[in-house]
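Please read this briefing beside the sequence and the model. It is meant for a reader who is new to the structure and takes the topics one by one.

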Amino acid sequence: MTSGDSAVSTVAVLGAGKMGELVLSGLLRAGWPVDRLLVTARRPERAAELATRYGVRVVDNLTAVADADVLAVGVKPQDAAALLDEIGPKISADQLVISLCAGLPSSFFGRRLVDGTPVVRVMTNTPARVDQAMTAISAGPHATEAHLALAEAMFAPLGTTIQVPESQQDAVTALSGSGPAYFYLLVEAMIDAGVLLGLPRATAHELIVQTAIGSATMLRDSGEHPVKLREAVTSPAGTTSVALRELENHGVRAALLAALEAARNRAQELAAQSE
Ligand SMILES: NC(=O)C1=CN([C@@H]2O[C@H](COP(=O)(O)OP(=O)(O)OC[C@H]3O[C@@H](n4cnc5c(N)ncnc54)[C@H](O)[C@@H]3O)[C@@H](O)[C@H]2O)C=CC1
Ligand SMILES: O=C(O)[C@@H]1CCC=N1
């Protein structure tokens, strides 16, 4: 991909906060020409920060709509209606709107856009920062295979992509969108446990982070079911089985089921509240 290549779409990230910046920086790492990227920000200090850090053009929302082929909406769900009130009527049906927003159905966008404007709904996650995102992509109204391919081209360099029916996106949000937070909480708690057992915090941190990386790599690369991998760690009358009994006694499995269900329900609430 080279600068000046007319086949490369110009992508504008509207509302470059945490997620928008991760998409921007990932695209730049993947070689997307900086002159084919635009960002918008609400605060002038944020605009200056992005311009300095990435050398990217920071513009207002209407300029982004005028100059870009792809409009990636990176604002909070609660701010999406106001943004679309501003830009919706100016977006034409030959542009592509990509929503990064949790909860909002693509029809939320469709209702606020010129008839025929294609929408693709995407749920990615913060490991995009290290090109290890899990991104789920769904066709919304008027999205063709070419639009899905364009979304794939944007998100594949940031990690792994899958296509899912849009009806699954709230569940996806609960699993992989929010998922990094659950793993960080577990890691944090295990490091605290190491400190409780008398280890220096730095030692506990190194032990647990590498154990997380090793376990995740085995899950991905061995092709084995997590139950089998867990059984291989669990010796008869050993240390692991008593720890697992405590986790079950404290309802960790039930807590995860309830937590992810709550996250899915919250995605649905966000959609209702953002109307
Ligand atoms: N943080 C995460 O892990 C994930 C977030 N998401 C979704 O990504 C979206 C963004 O989330 P974050 O980056 O965490 O939030 P954020 O608050 O860091 O970023 C949103 C940005 O949009 C800006 N903004 C709001 N209205 C604007 C407007 N009218 N014009 C220009 N800029 C405007 C805000 O100033 C802010 O910088 C949300 O819809 C969220 O549901 C999706 C997956 C993961
Ligand atoms: O907490 C949230 O609402 C966003 C969406 C998925 C991850 N973070």
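This is a predicted model: local features need pLDDT of at least 70, side-chain atom pairs count only at pLDDT 80 or more; totals for chains, interfaces and linings use all residues.

Residues are numbered from 1 along each chain as its sequence is written, and chains are lettered from A and ligands numbered from 1 in the order in which they are written. The protein chain has 12 helices and eight strands, where helices (H or I, at least four residues) and strands (E, at least two) are DSSP runs numbered from the N terminus.

**Overall form**

- The C-alpha trace of the protein chain spans about 65 × 35 × 35 Å along its principal axes.
- Of the 275 residues of the protein chain, 33% count as buried; a residue is buried if 20 or more other C-beta atoms, placed from the backbone, lie within 10 Å of its own, exposed if 12 or fewer, and partly exposed in between.
- Among contacts in the protein chain with a separation of 6 or more, 66% are accounted for by residues 24 or more positions apart, a contact being two residues whose C-beta atoms, placed from the backbone, lie within 7 Å.

**Domains**

- The domain assignment divides the protein chain into domain 1 (11-169) and domain 2 (179-271), with bounds that come from an automatic or database domain assignment.
- The centres of domain 1 and domain 2, taken over C-alpha atoms, are separated by 32 Å, and the contact takes nine residues from domain 1 and six residues from domain 2.
- On the side of domain 1 that touches domain 2 there are six nonpolar, three polar and no charged residues; here Ala, Val, Leu, Ile, Met, Phe, Trp, Tyr, Cys and Pro count as nonpolar, Asp, Glu, Lys and Arg as charged, and the others, Gly among them, as polar.
- UniProt, in an unreviewed entry, lists residues 10-103 for "domain: Pyrroline-5-carboxylate reductase catalytic N-terminal"; UniProt positions are given in the numbering used here, feature names are shortened, and annotations may be inferred rather than shown by experiment.
- Over residues 10-103 the chain is 44% helix and 19% strand, and the end C-alpha atoms lie 26 Å apart.

**The sheet**

- Eight strands form an open sheet with mixed pairing, in the order S3-S2-S1-S4-S5-S6-S7-S8, and two strands pair if DSSP finds at least two bridges between them.
- Strand S3 (57-58) and strand S8 (159-163) stand at the edges with a single partner strand each, so one side of each is left without a neighbour in the sheet.
- S1 and S2 pair in the parallel sense over four bridges, and valine 11 has leucine 37 as its bridge partner in S2.
- Strand S7 (residues 133-139) and S8 run parallel and are joined by five bridges, with glycine 159 in S8 as the bridge partner of alanine 133.

**Ligand surroundings**

- Of the 27 residues around ligand 1, Gly15, Gly17, Met19, Cys101 and Ala102 come nearest; a residue is near a molecule or strand if its C-beta atom, placed from the backbone, lies within 6 Å of it.
- H1 and helix H4 (77-87) are the elements that give two or more residues to the shell around ligand 1, and the largest share, four residues, comes from H4.
- The shell around ligand 1 divides into 11 nonpolar, 10 polar and six charged residues.
- Ligand 2 is surrounded by Ala102, Thr173, Gly177 and Ser178, a shell with one nonpolar, three polar and no charged residues.

**Individual residues**

- UniProt, again in an unreviewed entry, places the feature "binding site" at Leu14, Gly15, Ala16, Gly17, Lys18 and Met19.
- Glycine 17 is found in the loop between strand S1 (11-14) and helix H1 (18-29), and it counts as partly exposed because it has 17 C-beta neighbours inside 10 Å.
- Methionine 19 is found in helix H1 and counts as buried, with 23 C-beta neighbours inside 10 Å.
- Glycine 103, in the loop between strand S5 (96-99) and helix H5 (106-110), counts as buried because it has 24 C-beta neighbours inside 10 Å.
- Not counting residues up to four places away in sequence, glycine 103 touches Pro77, Asp170, Thr173, Ala267, Gln268, Leu270 and Ala271.
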